[in-house]
Amino acid sequence: MKLFKIKDNSRQKKESFSQIKTLTSKIADKTLEQLEREGVFVFPEIVRDAEDITQEQMLLQSLNDTYRTSNVMGVIGCGDERLIIESRFSGDGEDFLFQYLLDRVLDFPNIVDLESDANHNNRLFNFLLFLFPHYLKAAMRKGLFKKYIRRRYNDGNVKGTIDIARHIEKNTPFIGDVAYSQREFSYDNSLMELVRHTIEFIKRKPYGNKLLIKVKDEIKLVIDATPGYEPYEKQKIIEQNKKHTVRHAYFREYLALQRLCLLILRHQKHQIGTGVRQIYGILFDGAWLWEEYINLLIEDVFYHPMNKGGKGAQRLFEGNVGLIYPDFISRNSAGRIIADAKYKPIDNIGNRDYLQMLAYMFRFDAKIGYYLYPEAGDADDLKLRMNRGSTYEANVIPRDDISITKHGLKIPVDDSNYVSFVKNIKISEQIFVSSFSTTAT
């Protein structure tokens, strides 16, 4: 296995990628939308859910003699070549921060605890498996998937189209049965069978029951809805789902689940890395993960609008004009605070970020704003007081009532193991929240 590691939002010389030339040639200057079409799984769905990445964003962008990465982290490969994209806020060892964000936001089990042979070679496959409960739960919120299917019968209760050829084959000499088929609106269809096959596959993994316990109610519904399940029909079900993907917009969550199940069943561990043409992998939006992680820490005192998901949409002007995307709005309306999660170092939070924050503060009559960012160094909070006056009148002075603070959550970077990292970041979380939550309430 040819393995190369790089940080997100970084640049490296093109010559550094020499050991993964084939993979680099297939992913360089391709958009995330193009990579998705070629089999790479991007989480969350880049169009509808993520506000920090877009379809046009590139995983590796050529800039003169360098390649630049973006906000995405994860694993991508081709043949025996593998590229690992880690968080830039992790230390030089293992990427514990990325693992921790997945653990908190998506309730991923700890890979190290679940498999003694866990390493970069099978981490890709683990990611796919660990995403399954999340996607199953999201899809099942729409109810069981039901569609018309054609069933074949051979009995005396004729209700559909008579199948002459099959009738002659099965009912000669005639003994009273008739071969026929009819269309039925059924839960036991190819998609639900695909989900069932994926469930049964994960159950056979050493950690399968631990992983699936989170969605035991949904799994029971799937099992009850698929009485026609037969283990030997797995390949047939896979082919049917490859040909007939979910098309109705209402069931887009089932489309994502269908894609994930196909990836799991078609790319079992012994198959990942075979072949030289196919690109495979799973990528996560780092900015989205950071924002959702911050929400878990402060959701008791802050609203969390998700405008692209249609939840808590905010507008600048009357008549639904000027859609805006504040990350967090304090629940305390008397002393309103606006907070913005920034997956970037303190020095990279600059002018455009300031203008955006001030617009949000003005809109919600807030006098205090916070940038909530990961701090991998020793930088302390930086409080910026807004100026009043003009340089033309030489009367510029800082105001006492309006300020924006860059408030970092200290990321442990020197821990040698994941258990130690979790212990230390829990301490950082307590300090991070307590220092401004009293102001928000």
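Student: How are helix 7 and helix 9 oriented to each other?
Tutor: Keep in mind that this is a predicted model. Helix 7 and helix 9 are oblique to each other. Helix 7 covers residues 190-203 and helix 9 covers residues 216-225, and they pack at an angle of about 125 degrees. Angles of 65 to 115 degrees would count as roughly perpendicular and those over 145 as roughly antiparallel, so this pair is called oblique.

Student: OK, and how far apart are the axes of helix 7 and helix 9?
Tutor: Their axes are 9 Å apart. The crossing of helix 7 with helix 9 is left-handed.

Student: Which residues meet there?
Tutor: From helix 7 you have Met192, Val195, Arg196, Ile199, Glu200 and Lys203, and they meet Ile219, Val222 and Ile223 of helix 9. Sorted by class, that contact has six nonpolar and three charged residues, with no polar ones.

Student: Switching topic: at what angle do helix 3 and helix 12 pack?
Tutor: Helix 3 (residues 96-105) packs with helix 12 (residues 286-298) at about 55 degrees, and the axes are 9 Å apart. That angle makes helix 3 oblique to helix 12.

Student: Left-handed or right-handed crossing for helix 3 and helix 12?
Tutor: Left-handed. Helix 3 brings Phe98, Tyr100, Leu101, Leu102, Arg104 and Val105 to the contact. On the helix 12 side, the residues include Trp288, Trp290, Glu292 and Tyr293.

Student: And how many charged residues does the contact of helix 3 with helix 12 have?
Tutor: Two, alongside eleven nonpolar residues and no polar ones.

Terms used. Residues numbered from 1 in each chain as written. Predicted model: local features only at pLDDT ≥ 70, side-chain atom pairs only at ≥ 80, totals over all residues. Heavy atoms only, no water. Axes fitted to C-alpha atoms, helices over the stretch in contact; angles between N-to-C directions. Helix = DSSP H or I, 4+ residues; strand = E, 2+ residues; numbered from the N terminus. Parallel < 35°, antiparallel > 145°, perpendicular 65-115°, else oblique. Left-handed = near helix turned anticlockwise from the far one by under 90°. Contact = heavy atoms within 4.5 Å. Nonpolar A, V, L, I, M, F, W, Y, C, P; charged D, E, K, R; others polar.
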